[in-house]
Amino acid sequence: MFEGPFDLLLFFIERDELDIHDIPIFQITNEFMGYIQQLEQLNIEVASDFILTAATLMRIKAKMLLPRTEKDEEGNEIDPRQELVQHLLEYKKYKGILPDLALMEAQRLAQENRGNIEEELQQIAQANHFEYELQDLSLYKLMRVFEKVMLRFEEEEKRPKHTVITYPYTIETQRDHILSRVQERDRVAFSELMAEFPDRIGMIFNFLAILDMLQLNLIGIEVGEGFNDFTITVADGEALQVTHLKVEEN
């Protein structure tokens, strides 16, 4: 895991010994996108700054493919990577200072706090006209905190939630089911299938399976006088085969 997108980019540059002033944008972009895809495969939430940097890399990559028309005041062509390089150099400079800051922090933590700190905190609070919360805790403040927590909880509860329902239907399974029913009885009304699968999704999958079998010439359709129902029959070739099998069985 890296502290941020620039930390990841510097890792690629230092690992491959690349020139930070002449970044091969195609290589860096592909490696960066590959890292994000690995995070998504591990079900790790990708931070927004990584997504923003990925979009920036893609934009720079697209600009590199186009003729450069942007020029500076001196008439020189502007490199689309210039801004990215400046950010990386700034980040690298601050990252180099972090070990010194960490050492200073460790030294400061090893020191003893001087006395009268509580009195000084009270004086600072009074001088700046705000309450020193830890020293002036009351039941009213606790109730205010509880109220804010409950309001935040209610807001979370009111947020829309999306539920994904998986239905036990596929076009292949419904097609096999309908075809077996038709071959057993020669004729099956669509209303009978609706009775077997009364939910809307089941009817949709049955209808799609019927259209698929019609295209494959596996079944036939007969429409009566009304248009509220139709009958599914075996196709001409299938009907001859089924009749031949029945004769042989007799």
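Just after helix 9, Asn 217 takes a positive phi of about 60°, where helices (DSSP runs of H or I with at least four residues) and strands (runs of E with at least two) are numbered from the N terminus. The model is a predicted one, in which local features need pLDDT of at least 70 and side-chain atom pairs count only at pLDDT 80 or more, while totals for chains, interfaces and linings use all residues. Residues are numbered from 1 along each chain as its sequence is written, and side-chain values use heavy atoms, with hydrogens and water left out.

The protein chain contains ten helices and three strands, and their order along the sequence follows the pattern α-α-α-α-α-α-α-β-α-α-β-β-α. Of its 250 residues, 22% count as buried, a term that stands for under 20% relative accessible area, with exposed meaning over 50% and partly exposed the range in between (1.4 Å probe, protein chains only). The chain exposes about 19300 Å², of which carbon and sulfur atoms supply 56%; accessible areas come from the Shrake-Rupley method with a 1.4 Å probe, and for residues only the protein chains shown count as cover. Among contacts (heavy atoms within 4.5 Å) with a separation of 6 or more, 51% are accounted for by residues 24 or more positions apart.

For helix 9, which runs over residues 200-215, the end C-alpha atoms are 23 Å apart, in agreement with the 22 Å that its 16 residues should span at 1.5 Å a residue; the expected span is 1.5 Å times one less than the number of residues. The buried residues of this helix are Gly 202, Asn 206, Ala 209, Ile 210 and Met 213. Seen down the axis of helix 9, these buried residues fall within an arc of 105°, so they line one face of the helix, the arc being that of the directions from the helix axis to the C-beta atoms. Their cover includes helix 7 (171-185), helix 8 (190-196), strand 2 and strand 3 (230-234), whereas Arg 200 and Gln 215 are exposed on the other side of helix 9. Within helix 7, Gln 174 is buried, with a relative accessible area of 5%, and its contacts, not counting residues up to four places away in sequence, are Tyr 169, Phe 197, Phe 205, Asn 206 and Ala 209.

Helix 9 also gives the most to a nonpolar patch, with five residues. This surface patch, of about 550 Å², is made by Ile 204, Phe 207, Leu 208, Leu 211, Leu 214, Ile 221 and Val 223. Patches consist of residues with over 30% relative accessible area and no salt bridge, like charges being joined within 9 Å and nonpolar side chains (Val, Leu, Ile, Met, Phe, Trp, Tyr) within 5 Å; a salt bridge is a side-chain nitrogen of Lys or Arg within 4 Å of a carboxyl oxygen of Asp or Glu. Ile 221, found in strand 2, is partly exposed, with a relative accessible area of 33%.

By contrast, Val 188, placed in strand 1 (residues 187-189), is buried, with a relative accessible area of 1%. The C-alpha atoms of Val 188 and Thr 231 are separated by 5.6 Å, although these residues stand 43 residues apart along the chain.
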